[in-house]
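Open the structure in your viewer and keep the selection tool ready. We will go from stop to stop.

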Amino acid sequence: MVVQNAVQTTGKYLRDFLKAESAGGIVLMVAAFLALVVANSSLSDWYLNMLATPVVFTVGGTGIEKSALLWINDGLMALFFFLVGLEVKREVLTGQLSSWRQASLPLFAAIGGMVLPALVFLSINWGEAENLSGWAIPAATDIAFALGILALLGSRVPVALKALLLAIAVIDDIGAIAIIALFYTPGVETDMLLAAAVVFVALLLIGRARIGSRIPYVILGVILWYLVLKSGVHATLAGVALAMTVPLFDRKGEKVLEHMEHGLHPWVAFLVVPIFAFANAGVGL
């Protein structure tokens with residue numbers, strides 16, 4: 001009975017997740033289409049100036065000054081990667097990535113989906129040295145776009161296929177994070193990185209103590225993001241690191257990780273990712 005209830009709960013969670021993710025994917029596609037329209041219209045100057053607007057946040061004389069576009073890419077997207085990190089941890093501990101038998105197919109599919117497009121890109125651009133640094137762009141898989149397209153087919157697409165796509169995208173996100181860390185980090189400030197490591201250890205201890213309150217994760221998570229940003233490492237990695245410290249259950253047995261994931265997912269799917277798409281998809285044709 002306990003196993004049956006757990007299976008039913010997992011199935012309901014997966015259906016709810018896919019429903020929200022698919023709807024978010026449709027919103028994402030609309031936002032990307034609007035960005036293309038605006039960037040290729042008389043509003044293009046307004047669009048570019050808006051993204052270039054400097055935004056300053058200071059506390060006690062110390063702060064951060066970035067353009068609106070970089071706040072979106074480094075700040076808002078840290079929330080996206082935090083959500084991805086929560087999904088990864090849940091899948092590894094209790095879901096489709098919890099055993100080698102379950103993880104092997106989406107693992108090899110994700111690796112092939114990253115390596116082969118990158119090789120095609122390199123083969124096409126081999127004679128153009130200035131283009132070669134963009135090899136990682138075709139290696140990325142967008143789960144929201146993919147599930148959004150599947151959502152257009154409705155019930156004709158089996159849930160098992162969507163679950164497989166979800167697992168592939170989760171593994172692909174891990175690969176994308178590794179690529180950012182290894183190949184797109186220009187320089188590292190060691191002192192800031194060490195400070196970030198101290199904060200991360202503190203978060204690990206809080207998670208290991210199974211503290212259910214969200215407050216320490218929020219406060220220390222913001223500090224961790226700031227330190228990672230100042231270290232020169234891509235700031236979105238702080239979101240993944242924070243997610244790895246969140247426990248599945250607190251001392252009372254409450255589902256901390258799942259509750260965080262449920263609470264954050266609508267904000268990411270319907271606000272964060274569409275804003276990111278609108279800010280980055282406006283390519284002049």
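This tour of a predicted model visits salt bridges, a helix pair, a loop residue and a surface patch.

**Salt bridges.** A search of the whole structure turns up two salt bridges. Select Glu261 and Arg90. They form one of them, with the closest N and O atoms 2.9 Å apart. Glu261 sits in helix α10 (residues 256-280) and Arg90 in helix α3 (residues 68-94), so this pair ties together parts that are 171 residues apart in sequence. Both Glu261 and Arg90 are buried.

Now select Asp74 and Lys66. Their side chains meet in a salt bridge at 3.3 Å, N to O. Asp74 and Lys66 are both buried.

**Helix pair.** Show helix α7 (residues 190-208) and helix α9 (residues 237-245). They pack at an angle of about 30 degrees, and their axes are 8 Å apart. Angles under 35 degrees count as roughly parallel, so α7 and α9 are roughly parallel to each other.

**Loop residue.** Move to Arg210, in the loop between α7 and α8 (215-231). Most residues other than glycine have a negative phi. Phi of Arg210 is positive, near 55 degrees. Arg210 counts as partly exposed because its relative accessibility is 40%.

**Surface patch.** Finish by selecting Trp100, Phe108, Ile111, Val115, Leu116 and Leu119. Together they form a nonpolar surface patch with about 630 Å² of accessible area. Zoom in on Val115, in helix α4 (residues 100-125). At 40% relative accessibility, Val115 counts as partly exposed.

Methods. Residues numbered from 1 in each chain as written. Predicted model: local features only at pLDDT ≥ 70, side-chain atom pairs only at ≥ 80, totals over all residues. Heavy atoms only, no water. Patch = residues over 30% accessible without salt bridge, like charges linked within 9 Å, V, L, I, M, F, W, Y side chains within 5 Å. Areas by Shrake-Rupley, 256 points an atom, 1.4 Å probe, with all protein chains shown as cover. Salt bridge = Lys/Arg side-chain N within 4 Å of Asp/Glu carboxyl O. Helix = DSSP H or I, 4+ residues; strand = E, 2+ residues; numbered from the N terminus. Buried < 20%, exposed > 50% of the residue type's maximum accessible area, 1.4 Å probe, protein only. Axes fitted to C-alpha atoms, helices over the stretch in contact; angles between N-to-C directions. Parallel < 35°, antiparallel > 145°, perpendicular 65-115°, else oblique.
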